[in-house]
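Please read it alongside the sequence and the structure shown here.

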Amino acid sequence: MRGRVWLVQLLSLTVALAFCTAAYADPVPGARASVPDIVSTVVGSGTQGAETSGLPWRSQDFDFQGSGDAAAVTGGFVIADTGNNIVSMAASVSGVFFGIRMTAGHVYAVAGTGTAGYTGDGGQATAAELSQPGSVAVSRSGDLYIADSGNNVIREVTPAGIISTVVGTGSLGVTPDGTPALATELYDPGVVRFGPSGAMYIESNLAGGSALCAVWLLPGKSGRYFNVAMTAGDTYIVAGGGACANDGGGAATGIGAVAVKASISGAGGFAVAADGSVVMTDTAYCYGTGYCIAQPTSVSMIVKVSVRTDLLTRVAGETDNGGNFTGDGKPALDASLNGPYGLAIDKYGDIAFDDSGNYRIRFIPAESGIFFGQPMTGGDIYTIAGNGMNGYTGDGEKATVAEISQPSSMLFEPGGNLYLLDSGNEVFREVTNILPPPPPTLKVSGLAKPFQLSDRFSIRYSASGAGSIMYSVRYRVAGWNGRFGSYIYPPTWQDTKLTGVSLTGTPGHEYCVSVEATSSAGISSLWSADHCSEYPLGADALLPATRGWTRGRGAGYYLGGYLTTNRRGAKLVLRNAIADRAGIIVMSCPRCGRLAVYLNRIWLGTFVTFARRAHRVDLLLSRSVATRRGTITLQALSKGREVVVEGIGVSEGG
């Protein structure tokens, strides 16, 4: 389990809720699906046509032309309407956004007049001309960024609605690494995204001819990224330094090698992982306005470029079997894909993408769990939407029986739901991913002392959560000269309502106990961290003893026995111990001396046992070493001062 944000889904929402970049609720006004894996249309009439600013969400026409993009923004989300040369905002709350007063549940143009062109920098974005805007992204500060593909630039719209060019000269071309952003020539930029520290990532669409299909990075701050020293404000190619793989069946090159020497296809699927690495689709054949589909023998893969190593690796899809549909429920690396296009990755590393030629949305979880109503294994691939047919059906039904058509982009919201721009159907749709109820919150206490003198080990626990709670308890044991054994699961400690257990220890052994809580819904917590205590050996076990030590017994001493000396240099030896820490039980008194402790030749600590009055004390050594096998030696250091040792505890630390 990885600390997911567990959400309780509501059965219905009667008002539109705010969408924001950090944590936002479901933006759909009206009823809310209460079961997982249901597809529904959020925005769009389903008709290709010109936009009319101010229309209700479900009444708005779009013209995505197989492209388009969407991104979350405070107050709703923004949509790149490529064919209409407009970027719009679907408002989920009423207010002023990008200089425009909006009503919840309506769609408004925030950039572009609808006429293709390149004008308007420095003025209101709604009066500016765009040319085939292919992608949108929103920075942490709320600025909107547009991949103005037809103009070969990236443009910015401030929260006040002012537009400007921030990357690109407007000329189509390729410039060297380290070129300032406004001096950089781009080649039909198709996707813009943001990563950690405000870094901007730009991907080119496939342009044919001698085009360079690549991913550019504009770092938000200077540093070393993708194994290259970079300066903030300049542009650098981080993937795809080779020619475009656009020959209708040729393979992308460079898997396992440096990404900037690879040939990629410039497909539309592109996302930035939490660490800044790039995950993208790589399809060797594209046509039309950027929609990519593979030939039966061509390459269809999901690839990753590591921000730390700059190497290109394969995430999903076979290298020589593109154009097919295989692999559901099996490792993603063994699956066959057919023209993957739109792609999204969440903060946990889960990947969703449009397997366009198969008319399905497929999902690769980073870890095992239940997602979109299915139990899944981390690293395997699954279909979560689409039945393999090109069409527009299934709203309100299970997503895997619905028809989809050319989803060009998608995004996750923090609750786990997936939103996709179904560009072939001219709509924005949602696939619900209601998470299971949260596990119980478990608290465990007890076994607080690393070394204790009682043979009774007690642990207490409690949990909060929906419904009744059952507990399971386990423990493991290690001797002073052995490693921990396997966990022991006493039958009476399993599925119990008891909130505490105790066990009886044996001298010279360490005991570690952990607990698991399960709710009435059958959801279990993680096993708690081990709570450990050591029941020390008695002084009689410290053999052999050198001359000068006297053995004694008496009531009140630990395990009834002790060893004493007033001879400087006298040693007690415990051989074949496995330990990384140790503690001793000594008698302190007004004239008691000092005692040093060693593991092999490593000094662990020295104790001064002088005290104003005589009493017994157990002392934990302040030093620890890596767990190792060796000899524990106790050596008296004070001439003529008595040292009384009653026991020793050694532990490998749990």
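## Basis and terms

Strands (E, at least two residues) and helices (H or I, at least four) are DSSP runs, numbered from the N terminus, and two strands count as paired if DSSP finds at least two bridges between them. The model is predicted, so that local features need pLDDT of at least 70 and side-chain atom pairs count only at pLDDT 80 or more, while totals for chains, interfaces and linings use all residues. Residues are numbered from 1 along each chain as its sequence is written, and side-chain values use heavy atoms, with hydrogens and water left out.

## The β44-β45 hairpin

Strands β44 and β45 form a hairpin with 2 residues between them, and Asn600 in the turn has a positive phi of about 55°. The strands, residues 594-599 and residues 602-608, run antiparallel and are joined by 6 bridges; Ala596 has Thr606 in β45 as its bridge partner.

## An open sheet of 5 strands

An open sheet with antiparallel pairing is formed by 5 strands in the order β2-β8-β5-β4-β3. Because β2 (55-56) and β3 (69-73) stand at the edges with a single partner strand each, one side of each is left without a neighbour in the sheet.

Within this order, β5 (residues 86-91) and β8 (residues 106-111) run antiparallel and are joined by 4 bridges, with Ser88 opposite Ala109 in β8.

## Gly198 in its loop

Gly198 lies in the loop between β14 (189-194) and β15 (200-204). Its relative accessibility is 38%, so Gly198 counts as partly exposed, a class between buried (under 20% relative accessible area) and exposed (over 50%), using a 1.4 Å probe and protein chains only. Gly198 and Gly220 are 22 residues apart in sequence, and their C-alpha atoms are 4.8 Å apart in space.
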